[in-house]
Amino acid sequence: MLQAPIIAFLISIVFNNASEVVNALFVLVIAAIWLGCSNAAREIVSEQAIFKRERMVNLKVASYLMSKFLVLTILCIIQTFILTSITYHALNFNTSYLDIFVILLKTSISALSIGLFVSSAVNTNESAMALIPIVLIPQVILGGLISKFADMSDFIKFLAGFMLSRWSFEAILISEYDSKNSFLVSSIGFVVNNFYLDIVIIILFTIVFYFLTAFALKKKDLK
């Protein structure tokens with residue numbers, strides 16, 4: 001629970017200049033992905049023995065997975081609320097508090113689905129935590145800021161399309177600059193009219209990885 005306020009405080013004191021709003025928004029997206037993934041990465045793998053035993057007495061995969069998803073979603077809501085509340089008032093964003101909160105929450109929940117999939121696909125806690133950097137670092141590199149999306153080759157843009165951060169960053173940038181300085185969104189290589197497409201794709205990440213997790217849990221029955 002302390003991760004969110006510590007990260008929010010650091011973002012607030014480091015990116016407190018008006019010229020660094022874009023950087024702050026990108027780091028907020030990465031923070032939301034980190035929180036969602038790290039919350040879920042050990043949830044399933046640490047309960048493998050319990051899960052297999054309960055499956056023998058008719059535990060449903062859907063029920064088990066939904067229980068994990070709902071409880072961790074509540075944690076994501078609390079963490080995103082803290083993250084948004086501290087940074088929004090410290091950095092004076094142009095967009096509404098609700099817009100930033102909703103985008104970061106959707107991002108965190110999608111990352112939660114990714115974390116659950118990682119947890120279901122490995123056999124040890126150590127493996128799960130070792131995979132989190134492998135999930136997170138491409139999100140940073142291909143998110144569209146460190147290397148501007150506009151400067152990427154077509155192949156790298158294709159790879160970036162598989163990164164949650166690319167769509168979340170575009171959505172939060174459009175929310176911040178749609179009515180003012182929209183040229184900044186275009187200069188990074190994003191499309192100002194893509195906001196609803198971004199939201200749909202973020203939700204698709206959640207759905208796809210939720211079902212991939214269910215599939216991975218089903219496969220554990222065969223082992």
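Predicted model: local features only at pLDDT ≥ 70, side-chain atom pairs only at ≥ 80, totals over all residues.
Local features need pLDDT of at least 70 and side-chain atom pairs count only at pLDDT 80 or more, while totals for chains, interfaces and linings use all residues. Residues are numbered from 1 along each chain as its sequence is written, and side-chain values use heavy atoms, with hydrogens and water left out.

**View 1. Helix α1 meets helix α2.** Helices here are DSSP runs (H or I, at least four residues), numbered from the N terminus. Helix α1 covers residues 3–14 and helix α2 covers residues 21–40. Their axes come within 11 Å and cross at roughly 165 degrees. Axes are lines fitted to C-alpha atoms over the stretch in contact, and angles run from 0 to 180 degrees between N-to-C directions. The two helices are therefore roughly antiparallel (angles over 145 degrees). The crossing is right-handed, that is, the near helix is turned clockwise from the far one by less than a right angle. From α1, Q3, A4, I7 and I11 take part. They meet A24, V27, L28, A31, W34, L35 and S38 of α2. Contact means heavy atoms within 4.5 Å. Nine of these residues are nonpolar, two are polar and none is charged. Ala, Val, Leu, Ile, Met, Phe, Trp, Tyr, Cys and Pro count as nonpolar; Asp, Glu, Lys and Arg as charged; the others, Gly among them, as polar.

**View 2. Helix α4 crosses helix α10.** Helix α4 spans residues 61–91, and helix α10 spans residues 195–220. Their axes come within 10 Å and cross at roughly 130 degrees. On the α4 side, V61, A62, Y64, L65, M66 and F69 make the contact. On the α10 side stand T206, Y210, T213, A214, L217 and K218. The contact holds nine nonpolar residues, two polar ones and one charged one.

**View 3. T84 sits in helix α4.** T84 is buried, at 0% relative accessibility. Buried means under 20% relative accessible area (1.4 Å probe, protein chains only). T84 touches Y97, I100, F101 and L104, leaving aside residues up to four places away in sequence.

**View 4. C37 and C76 form no disulfide.** A disulfide is a pair of cysteine sulfur atoms within 2.5 Å. The closest cysteine sulfur to that of C37 is in C76, 9.6 Å away, so the gap is too far for a bond. By this rule the count is zero disulfides. C37 is buried at 3% relative accessibility. C76 is buried as well, with a relative accessible area of 0%.

Key. Buried < 20%, exposed > 50% of the residue type's maximum accessible area, 1.4 Å probe, protein only. Parallel < 35°, antiparallel > 145°, perpendicular 65-115°, else oblique.
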